[in-house]
Amino acid sequence: MMKYSTGEKKYTVGIIGGMGPEATIDFMSRVIALTPSQRDQDHIHMVVENNPHIPDRQSTTENDLIAIELTAIAERLEVAGADFLVLPCNTAHVFIDDLLKNIQIPFVHIVSETVNEIVKEHTNVKNIGLLATDMCINSGIYHQVIKSVDRTVLVLEQQDQKSCMQLIFDVKKGKYSKSTKTDMVRLADQLIQKGADIIVAGCTEIPLILDTKSISVPLVSSTEVLAKRTVEIAIGIKELK
């Protein structure tokens, strides 16, 4: 894992967390690991609401309530002193339109940043295999951004997608094992066989059970990308806008 060595800590990040709780902790751990530090005071100020009580993001009947809850958390973090916001849950980005209208500080979009990372670091990639939740895939939030950079999205067949969802829920339950990881590798391999040049872990539970050493093409973790961007902004390497 790369660790930055330049820049100066400047900004406080507000983390809309809890979706799920372990994925949020994984994100925070990656931020800590990436931050250049010699002492406690060198680390990034994180204001976190790790709230697991947001309604199920896979539901199609609670969209309004999800949006209201996310907006309320964002507003609380802004009042608490956050200079910018992140949301380490890909699927929850389906519901952020109202949130963006009601905050006065920047919001770092995990999907846009993940796709931008691919364009920047993997210039020859054309076919992107997407591992994500049903709602994330069906909403088209990744498809729209990937299409805008002239790349193609590949997704799992229906039965394999059901398996992917079960593995994600196993992680959320805290009931994952070596076999869980093996099963996720198998799903990534299915996308590779379909022609994927790269795999996107488009759900922040997935990097907990899948790493780049386990598959034959590069893996882009949306968690890692968001953590990198958070550090770059917080310590002044990347402009806050």
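In which loop is aspartate 150 found? Aspartate 150 is found in the loop between α6 (141–148) and β6 (152–154), where helices (H or I, at least four residues) and strands (E, at least two) are DSSP runs numbered from the N terminus. The model is predicted: local features need pLDDT of at least 70, side-chain atom pairs count only at pLDDT 80 or more, and totals for chains, interfaces and linings use all residues. Residues are numbered from 1 along each chain as its sequence is written, and side-chain values use heavy atoms, with hydrogens and water left out.

**View 1. Backbone at aspartate 150.** Aspartate 150, in the loop that links α6 to β6, has a phi near 60°. This value is positive in a residue other than glycine. Aspartate 150 counts as exposed because its relative accessibility is 60% (exposed, over 50%; buried, under 20%; partly exposed, in between; 1.4 Å probe, protein chains only).

**View 2. The two domains.** The chain is assigned a domain 1 (13–109 + 224–235) and a domain 2 (111–222), with bounds from an automatic or database domain assignment. To the contact between them (heavy atoms within 4.5 Å), domain 1 gives 24 residues and domain 2 gives 26 residues. Between the C-alpha centres of domain 1 and domain 2 the separation is 21 Å.

**View 3. The second largest pocket.** Helices α1 (21–34) and α7 (158–173) each supply at least two lining residues, and α7 provides the largest share, five residues.

View 4. Lysine 172 lies in helix α7 and counts as partly exposed because its relative accessibility is 37%. Leaving out residues up to four places away in sequence, lysine 172 touches Met19, Gly20, Arg57 and Glu205. Methionine 19 and glycine 20 are joined by a cis peptide bond, with omega about -5°. Glycine 20 belongs to the loop between β1 (13–17) and α1. Isoleucine 15 is 157 residues from lysine 172 in sequence, with 19 Å between their C-alpha atoms.

**View 5. Surroundings of threonine 12.** Beyond four places in sequence, threonine 12 is in contact with His45, Val47, Gly81, Ala82, Asp83 and Phe84.

**View 6. Threonine 71 in helix α2.** Threonine 71, within α2 (residues 63–79), is buried because its relative accessible area is 8%. A polar atom of the threonine 71 side chain lies 3.2 Å from the backbone nitrogen of leucine 99. With residues up to four places away set aside, threonine 71 touches Asp98, Leu99 and Asn102.

Methods:
Polar contact = N/O pair within 3.5 Å; in protein donor to acceptor, adjacent residues only side chain to side chain.
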